Amino acid sequence: MLCEKCKANPATTYLKRTINGQTTEQHLCAACAAQTGWGSVWNDFGAEMPALWGNLFAEPSLRAVTDPVRCECCGHTFGEISRSGKMGCPQCYTTFYDRLLPTIRRLHGKTRHTGKLPQAGTEAAKRERELESLKKQLAEAIEKQEYETCAVLRDRIREQEGRK
């Protein structure tokens, strides 16, 4: 596809803007994108990524603190991870777990990965999760020797398994 502005060079930049409900699309070459001001925005964006990630990982109260704790494996401090936005090694997740947890919760809304639910067969997947939960509850009840609860859970498990 050729640039819509100069009609000479191949289009390398795609712009899509929606203003007041009206969407416009443009296909521009690198030179025309730079002339309109879009080229410099995207060129500089990559240089800002480490700072962006670093600010996401660092809690405001922890940014100014000098940290003597280092990862046993790679030697990184939490301050270095905060500045770069990158872990030094897998061990850093364990070493700085308590400091990473608030950031992970803030970014993702939760700290446990639950995955995606399939659109097809949602009822079957829901029943399977419920069955797993009942079996886990049964194991806990057996461990606590709550036999009345065990009997109720056993019956519910049999009922769920009968639906399959």
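These questions and answers walk through a predicted model of one protein.

Trainee: What should I know about the numbering and the model before I start?
Mentor: Residues are numbered from 1 along each chain as its sequence is written, and side-chain values use heavy atoms, with hydrogens and water left out. The model is predicted: local features need pLDDT of at least 70, side-chain atom pairs count only at pLDDT 80 or more, and totals for chains, interfaces and linings use all residues.

Trainee: In what order do the elements of the protein run from the N terminus on?
Mentor: Helices (H or I, at least four residues) and strands (E, at least two) are DSSP runs, numbered from the N terminus. The protein has eight helices and two strands. The order is β-β-α-α-α-α-α-α-α-α.

Trainee: How many bridges join strand β1 to strand β2?
Mentor: Two strands pair if DSSP finds at least two bridges between them. Strand β1 covers residues 13-19 and strand β2 residues 22-28, and they run antiparallel. T18 has T23 as its bridge partner, and L15 has Q26. The number of bridges is seven.

Trainee: Which residue in the turn of the hairpin has a positive phi?
Mentor: β1 and β2 form the hairpin, with two residues between them. The phi in question is about 50°. The residue is N20.

Trainee: How does the pair of F78 and F96 count: stacked, edge-to-face or tilted?
Mentor: Rings of Phe, Tyr and Trp (its six-membered ring) pair if their centres lie within 6.5 Å; planes under 30 degrees apart count as stacked, over 60 as edge-to-face and the rest as tilted. The structure holds one aromatic pair. The ring centres of F78 and F96 are 5.8 Å apart and the planes stand at 50°, so the pair is tilted.

Trainee: How many residues apart in sequence are the parts that F78 and F96 tie together?
Mentor: F78 lies in helix α4 (residues 78-84). F96 lies in the loop between α5 (91-95) and α6 (97-108). The pair therefore ties together parts whose separation in sequence is 18 residues.

Trainee: Is F96 buried or exposed?
Mentor: Buried means under 20% relative accessible area, exposed over 50%, partly exposed in between (1.4 Å probe, protein chains only). F96 has 1% relative accessibility, so F96 counts as buried.

Trainee: How many residues make up the largest nonpolar core?
Mentor: A nonpolar core is a set of buried Ala, Val, Leu, Ile, Met, Phe, Trp, Tyr and Cys residues joined through side-chain atoms within 4.5 Å. The largest one holds C71, F78, I81, M87, C89, C92, F96 and L100. A second, separate core has seven residues, among them L138, A141, C150 and I157. The count for the largest core is eight.

Trainee: Which residue forms a salt bridge with E80?
Mentor: A salt bridge is a side-chain nitrogen of Lys or Arg within 4 Å of a carboxyl oxygen of Asp or Glu. The structure holds three. E80 lies in helix α4 and its partner in the loop between α3 (60-63) and α4, so the pair ties together parts ten residues apart in sequence. With the closest N and O atoms 3.9 Å apart, the partner is R70.

Trainee: Which helices hold K135 and E161?
Mentor: Their side chains meet in a salt bridge, at 3.6 Å from N to O. The pair ties together parts that are 26 residues apart in sequence, because K135 lies in α7 (residues 122-144) and E161 in α8 (residues 147-163). K135 is partly exposed at 42%, and E161 is partly exposed at 38%. The helices are α7 and α8.

Trainee: How far apart are the closest N and O atoms of R154 and D155?
Mentor: These two residues form a salt bridge. R154 is partly exposed at 37%, and D155 is partly exposed at 41%. The distance is 3.1 Å.

Trainee: Which residues does Q160 touch, not counting those up to four places away in sequence?
Mentor: Contact means heavy atoms within 4.5 Å. Q160 sits in helix α8 and is buried, at 6% relative accessibility. The residues touched are R127, E130, L131 and L134.

Trainee: What share of the residues of the protein counts as buried?
Mentor: The protein has 164 residues. The share that counts as buried is 22%.
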